[in-house]
Amino acid sequence: MDKELRQLLDDHMHDVPRLYQLAGVTPATIQRHILDGMAATIAESDWEAQCTLLAMARTIAHPEAKADLLGNLLLMPGHAVHQEVTREMQDLASPSSVACIRAVLEGGFDFLEYTCSEDEVIAKWFSHALASIGTPEAIDLIREFAASDNAGIAGEMRYRLARLGC
């Protein structure tokens, strides 16, 4: 590596989007790398690698690309970082995440059994994320699942509605 390139990289060491640009990494290529990598870590049951891939996802600067990746990770069974993915979705608060959260709530939590958590605990992850998103669609989804046949989900969603003053 020549001195000029090395200096350029050093100058932008803490500017991850710029480093990606310098390396020719696009939101699509990083997303594909993370999703393919997560699939490989599932086969190997490599929790540390799963956490590393999620850390890479956190560096994506484009909000919609990040939301799309997080949604794909949330719906991907077999890895052990669903709670962390949901927290990232909560922090990002992208309206596009509502559809993925709906899919998980409708599909049940069977693929989250590894957490050893009760349904109301898992539902709490999603109620927080939906409350952070805060759009009418997100609040309507909380309302919809407040009437769920699953007592744990319904109880958590009713609690979140009360906290929101809805």
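Is Arg102 buried, partly exposed or exposed? In this predicted model, Arg102 counts as partly exposed, at 27% relative accessibility. The legends below describe close-up views.

View 1. Glu144 joins Arg102 and Glu106 in a network of salt bridges. A search of the whole structure finds seven salt bridges.

**View 2. Asp140 and Arg143 pair within helix H9.** Their salt bridge has its closest N and O atoms 3.3 Å apart. Because they are three residues apart in H9 (residues 136-145), Asp140 and Arg143 are separated by about one helical turn. Asp140 is partly exposed, with a relative accessible area of 43%, and Arg143 is partly exposed, with 42%.

**View 3. A salt bridge links the buried residues Glu156 and Arg160.** The N to O distance between these side chains is 3.2 Å. Glu156 and Arg160 are four residues apart in helix H10 (residues 151-164), which means that about one helical turn separates them.

**View 4. Helices H3 and H4 come into contact.** The axes of H3 (residues 27-44) and H4 (residues 47-58) come within 9 Å and cross at roughly 165°. The two helices are therefore roughly antiparallel, and their crossing is left-handed. On the H3 side, the contact includes Ile30, His33, Ile34 and Gly37, while H4 contributes residues including Ala49, Gln50 and Leu53. By class, the contact has eight nonpolar, four polar and no charged residues.

Technical notes. Residues are numbered from 1 along each chain as its sequence is written. This is a predicted model: local features need pLDDT of at least 70, side-chain atom pairs count only at pLDDT 80 or more; totals for chains, interfaces and linings use all residues. Side-chain values use heavy atoms; hydrogens and water are left out. Axes are lines fitted to C-alpha atoms, for helices over the stretch in contact, and angles run from 0 to 180 degrees between N-to-C directions. Angles under 35 degrees count as roughly parallel, over 145 as roughly antiparallel, 65 to 115 as roughly perpendicular and the rest as oblique. A crossing is left-handed if the near helix is turned anticlockwise from the far one by less than a right angle, and right-handed if clockwise. Contact means heavy atoms within 4.5 Å. Ala, Val, Leu, Ile, Met, Phe, Trp, Tyr, Cys and Pro count as nonpolar, Asp, Glu, Lys and Arg as charged, and the others, Gly among them, as polar. A salt bridge is a side-chain nitrogen of Lys or Arg within 4 Å of a carboxyl oxygen of Asp or Glu. Buried means under 20% relative accessible area, exposed over 50%, partly exposed in between (1.4 Å probe, protein chains only).
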